Amino acid sequence: MTHIYALVNQKGGVGKTTTTINLGAYLAQLGQRVLLVDMDAQANATSCLGIDKRTVESGIYELLMDDKPIADCTLVNTKLNISIIPSSPSLSGAEVELVNELARESRLKTRLKPALKQFDYILLDCPPALSLLTLNALVAAEAVIIPVQCEYLALEGLGQLAQTINRVRSAMNTHLHIRGLLMTMFDIRATLSTQVVEEVRKHFPGKIFHTIIPRNVRLAEAPSHGLPISAFAPSSPGGQAYLALAEELLKGDKKLDASRGD
């Protein structure tokens, strides 16, 4: 079974792209066939894998708007054994162009279907807004992973996001659920970080990943080298944390698949 996860949070700077890239890289390292989909016009996930967004000729915009075959819109990093549908500045116009399209909310779901048998995991890196592109990701996804920064305003917007997920589940994707909230940028020296984790756990009981991602300079440096942390500094605290997250997710998904008979 292909697991499709949308990484979503309307707040920016919480670690969505960092998590998409590094979780995907470690899942690939653990033997999974992984496709990343950059749904953000800022194209940060694209840049994090060393791809110049200005040179992208066929990517997510062309997949959604020009009906190009998904194979033509996918790039493969053979060193990392990971695939990506890149983004480019042209995606910024998709919001307006999609408004008048038929079945606009399910365009991504339809376009991804030919690739389902080719991948074990498809990770959708969403823009920092509850936009039409994010809605497409929620309709296409099996579940949502929500990175949450360990800061004072962490819970701000999570209630609205949970309501959006519930509405999408009711109207367009009955299987959609929260796979887990991932606490990021945890500072072991700050009492506030621990308080935030406990507060989020109180509001979303049983939904928090056991793995917590620490604040780590190596995680911040890796994108400038066009590499995930698994290839840049795997022994760093950030590298070890994302490996643990990939193992936790994989173990949990295997249990879920077994219980459903997949």
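Predicted model: local features only at pLDDT ≥ 70, side-chain atom pairs only at ≥ 80, totals over all residues.
Me: Which residue does the side chain of Arg 33 meet in a salt bridge?

Reply: The general idea first. Side chains of opposite charge can pair when their charged atoms come close. Here the side chain of Arg 33 meets that of Asp 120, with N to O at 3.1 Å. The pair links distant parts of the chain, 87 residues apart. Arg 33 is in the loop between H1 and strand E2 (34-38). Asp 120 is in the loop between helix H5 (107-112) and strand E5 (121-125).

Me: Why does Asp 120 count as buried?

Reply: Buried means under 20% relative accessible area. Asp 120 counts as buried because its relative accessibility is 18%.

Me: How many salt bridges does a search of the whole structure find?

Reply: The search finds 10 salt bridges. One of them joins Arg 189 and Asp 187, with the closest N and O atoms 3.1 Å apart. Take the two partners in turn. Arg 189 is exposed, at 74% relative accessible area. Asp 187 is buried, at 19%.

Me: What separates Glu 198 and Arg 201 in helix H8?

Reply: About one helical turn, because the two residues are three apart in helix H8. Glu 198 is partly exposed at 43% relative accessibility. Arg 201 is also partly exposed, at 33%.

Me: Where does Ser 193 lie, and is Ser 193 buried or exposed?

Reply: Ser 193 lies in helix H8, residues 191-203. Ser 193 is buried, with a relative accessible area of 2%.

Me: Which residues is Ser 193 in contact with, leaving aside neighbours within four places in sequence?

Reply: Those residues are Cys 150, Met 185, Phe 186 and Asp 187. Look at Asp 187 again. The side chain of Ser 193 reaches the backbone nitrogen of Asp 187 at 3.1 Å. Asp 187 also forms the salt bridge with Arg 189.

Me: How should the end C-alpha atoms of helix H1 be spaced?

Reply: Work from 1.5 Å a residue. Helix H1 covers residues 16-29, 14 residues, so it should span 20 Å. Its end C-alpha atoms are 20 Å apart, which agrees.

Me: How many residues of H1 are buried, and what follows the helix?

Reply: H1 is mostly covered, with 12 of its 14 residues buried. The buried set includes Lys 16, Asn 22, Leu 23 and Tyr 26. Gly 31 follows H1, and its phi is positive, near 95°.

Me: Which residues form a nonpolar patch on the surface?

Reply: Tyr 152, Leu 153 and Leu 192 form the patch. Together they have about 330 Å² of accessible area. Tyr 152 is found in the loop between strand E6 (143-149) and helix H7 (158-171). Tyr 152 is exposed, at 69% relative accessible area.

Me: What separation do the C-alpha atoms of Ala 171 and Ile 212 have?

Reply: Ala 171 and Ile 212 are 41 residues apart along the chain. Their C-alpha atoms are separated by 33 Å. Ala 171 has its place in helix H7. Ala 171 counts as exposed because its relative accessibility is 62%.

Terms used
Residues numbered from 1 in each chain as written. Heavy atoms only, no water. Patch = residues over 30% accessible without salt bridge, like charges linked within 9 Å, V, L, I, M, F, W, Y side chains within 5 Å. Areas by Shrake-Rupley, 256 points an atom, 1.4 Å probe, with all protein chains shown as cover. Salt bridge = Lys/Arg side-chain N within 4 Å of Asp/Glu carboxyl O. Helix = DSSP H or I, 4+ residues; strand = E, 2+ residues; numbered from the N terminus. Buried < 20%, exposed > 50% of the residue type's maximum accessible area, 1.4 Å probe, protein only. Polar contact = N/O pair within 3.5 Å; in protein donor to acceptor, adjacent residues only side chain to side chain. Contact = heavy atoms within 4.5 Å. Expected span 1.5 Å × (residues − 1).
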